[in-house]
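Me: I am new to this structure and would like to learn how to read its features one at a time. Could you take me through them slowly, giving the general idea before each case?

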Number of protein chains: 2
Amino acid sequence: MATGRAHRPATRSRGIPEATVARLPLYLRALTALSERSVPTVSSEELAAAAGVNSAKLRKDFSYLGSYGTRGVGYDVEYLVYQISRELGLTQDWPVVIVGIGNLGAALANYGGFASRGFRVAALIDADPSMAGKPVAGIPVQHTDELEKIIQDDGVSIGVIATPAGAAQQVCDRLVAAGVTSILNFAPTVLNVPEGVDVRKVDLSIELQILAFHEQRKAGEEAAGDAGAVPPVAARKQQPSTDQGPDGDVPAVMPA
Amino acid sequence: MATGRAHRPATRSRGIPEATVARLPLYLRALTALSERSVPTVSSEELAAAAGVNSAKLRKDFSYLGSYGTRGVGYDVEYLVYQISRELGLTQDWPVVIVGIGNLGAALANYGGFASRGFRVAALIDADPSMAGKPVAGIPVQHTDELEKIIQDDGVSIGVIATPAGAAQQVCDRLVAAGVTSILNFAPTVLNVPEGVDVRKVDLSIELQILAFHEQRKAGEEAAGDAGAVPPVAARKQQPSTDQGPDGDVPAVMPA
């Protein structure tokens with residue numbers, strides 16, 4: 001499939017573990033914040049703390065990129081931003097379609113975090129004919145009938161599904177048949193896709209479950225404190241805070 | 001702070017690594033799917049594949065729960081559902097408030113995945129007076145002036161912030177002052193909270209970045225295939241699919 005994008009040798013990306021790939025966006029976000037403050041260099045410890053990752057893991061991750069930093073100086077912020085962006089493919093333009101323009105689809109269309117990372121909302125698609133032509137986030141909604149044409153005309157390879165569960169598999173099948181090979185699924189259902197198509201499924205309740213675990217622990221510590229066993233403040237200080245999670249391995253999204 | 005919830009001894013939850021906590025919701029989701037299909041037992045390999053986690057890691061994780069399975073039989077599905085739900089605190093009722101009822105807040109209010117995990121949307125709060133009383137997902141929106149009263153009356157400890165970035169810190173400060181100790185932040189900004197308050201920040205673009213990495217790799221393999229170096233189909237088969245990520249350590253959310 002000719003997509004018109006700049007291709008890089010396949011061998012470059014081989015050998016980077018999936019868990020490292022999943023951490024690269026966390027490093028990138030922390031580095032971008034440093035870059036915006038014009039910080040020229042950063043130590044592995046500082047960057048690890050900012051990204052919520054263990055510093056030994058960070059150094060190991062960066063070794064896959066061939067980036068080792070300079071002893072006593074640290075890592076060059078701008079160069080790392082470039083290196084990670086390139087590794088993730090964010091130096092390219094990625095046209096994305098969002099299918100299902102209810103509240104969630106509209107929220108995603110308005111989400112500022114996509115454009116700043118090279119993701120361009122190429123089209124908004126909805127099955128409701130009364131939505132057609134209506135602008136959302138400045139983009140006129142198009143009817144599902146146009147789906148195949150939009151995908152092909154714009155060389156779209158990434159689709160976001162924000163439809164109700166019942167419509168998601170059919171939309172997925174049409175996206176894949178039209179040439180989409182990566183799907184971000186917000187619909188509460190499991191999608192079946194052929195080999196070669198990547199699906200990531202978002203489950204927003206997973207994060208709440210992790211917060212509930214910590215809430216429960218805090219409540220338990222307070223109960224212990226009330227009973228005089230452990231002073232509540234001391235108990236809180238012992239508790240590892242999720243503000244600085246040990247290694248950032250915190251999935252809200254699982255492979256579908 | 002007396003919340004009226006059943007407290008469990010603080011020591012129970014100690015010693016479970018943060019990365020294990022983050023995987024428990026993934027196991028729970030896979031187990032719930034098995035339970036719905038009335039599957040009585042599951043092997044560590046099957047469950048690991050369903051949850052997108054390495055099976056050795058799964059066995060290690062379950063050992064923290066004191067759950068070792070039965071050789072040749074596997075794990076009892078119903079008992080594991082109960083055990084993980086209890087460990088995560090999901091057997092309790094968690095009232096949650098959502099602040100900021102734009103498209104995203106409305107989408108979250110309508111999200112079915114919260115209620116099924118013990119999270120009850122106790123209130124929807126918005127700063128726009130014209131929203132007050134308007135029902136969203138069957139719940140009338142309340143004005144921000146009521147925030148403190150709602151939190152205190154309902155014993156809310158978890159707040160979801162879906163406001164624009166500019167309003168998020170102020171909302172966060174008010175939630176914390178009123179007694180909220182866990183915050184799920186959808187606003188594109190970093191929140192400062194006092195010690196003892198957990199914040200998790202959602203960045204929806206992180207998942208797209210991981211998909212872009214794989215897209216780029218697929219494009220590179222196809223380019224190599226086109227040049228006759230590697231047949232595209234064979235290249236695809238060699239590629240580890242994110243459908244079955246090696247260990248599920250895939251963060252869309254990072255500690256804030």
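Reply: Let us begin with the salt bridge, which is a side-chain nitrogen of Lys or Arg within 4 Å of a carboxyl oxygen of Asp or Glu. Side chains of opposite charge can pair when their charged atoms come close. Here the side chains of Asp153(A) and Lys149(A) meet in such a bridge, at 2.5 Å from N to O. This is a predicted model, in which local features need pLDDT of at least 70 and side-chain atom pairs count only at pLDDT 80 or more, while totals for chains, interfaces and linings use all residues. Residues are numbered from 1 along each chain as its sequence is written, chains are lettered from A and ligands numbered from 1 in the order in which they are written, and side-chain values use heavy atoms, with hydrogens and water left out.

Me: Where do Asp153(A) and Lys149(A) lie in chain A?

Reply: Helices (H or I, at least four residues) and strands (E, at least two) are DSSP runs, numbered from the N terminus. Asp153(A) and Lys149(A) both belong to helix α7 (residues 147-154) of chain A, where they stand four residues apart, about one turn of the helix.

Me: Is Asp153(A) buried or exposed?

Reply: Buried means under 20% relative accessible area, exposed over 50%, and partly exposed in between, with a 1.4 Å probe and protein chains only. Asp153(A) has 56% relative accessibility and therefore counts as exposed.

Me: Which residue of chain B forms a salt bridge with Lys218(A)?

Reply: The partner of Lys218(A) is Asp198(B), and their closest N and O atoms are 3.1 Å apart. Because Lys218(A) lies in helix α9 (residues 205-226) of chain A and Asp198(B) in strand β9 (residues 198-202) of chain B, the pair joins two chains. Both Lys218(A) and Asp198(B) are buried.

Me: What does the salt bridge between Arg59(B) and Glu45(B) tie together?

Reply: The side chains of Arg59(B) and Glu45(B) meet at 3.4 Å, N to O. Arg59(B) lies in helix α3 (residues 55-64) of chain B and Glu45(B) in helix α2 (residues 44-51) of chain B, so the pair ties together parts that are 14 residues apart in sequence. Arg59(B), at 36% relative accessibility, counts as partly exposed, and Glu45(B), at 47%, counts as partly exposed as well. Elsewhere, salt bridges that share partners join Asp93(A), Arg120(A) and Asp154(A) into one network.

Me: How many salt bridges does a search of the whole structure find?

Reply: The search finds 18 salt bridges over all chains.

Me: How many aromatic pairs does a search of the whole structure find?

Reply: Rings of Phe, Tyr and Trp (its six-membered ring) pair if their centres lie within 6.5 Å; planes under 30 degrees apart count as stacked, over 60 as edge-to-face and the rest as tilted. The search finds eight aromatic pairs over all chains. In one of them, the rings of Tyr27(A) and Phe62(A) have their centres 4.8 Å apart and their planes at 75°, so the pair is edge-to-face. This pair links distant parts of the chain, with Tyr27(A) in helix α1 (residues 18-36) of chain A and Phe62(A) in helix α3 (residues 55-64) of chain A, 35 residues apart. Tyr27(A) is buried, with a relative accessible area of 0%, and Phe62(A) is buried with a relative accessible area of 0% too. Ring pairs link Tyr27(A), Phe62(A) and Tyr75(A) into a cluster.
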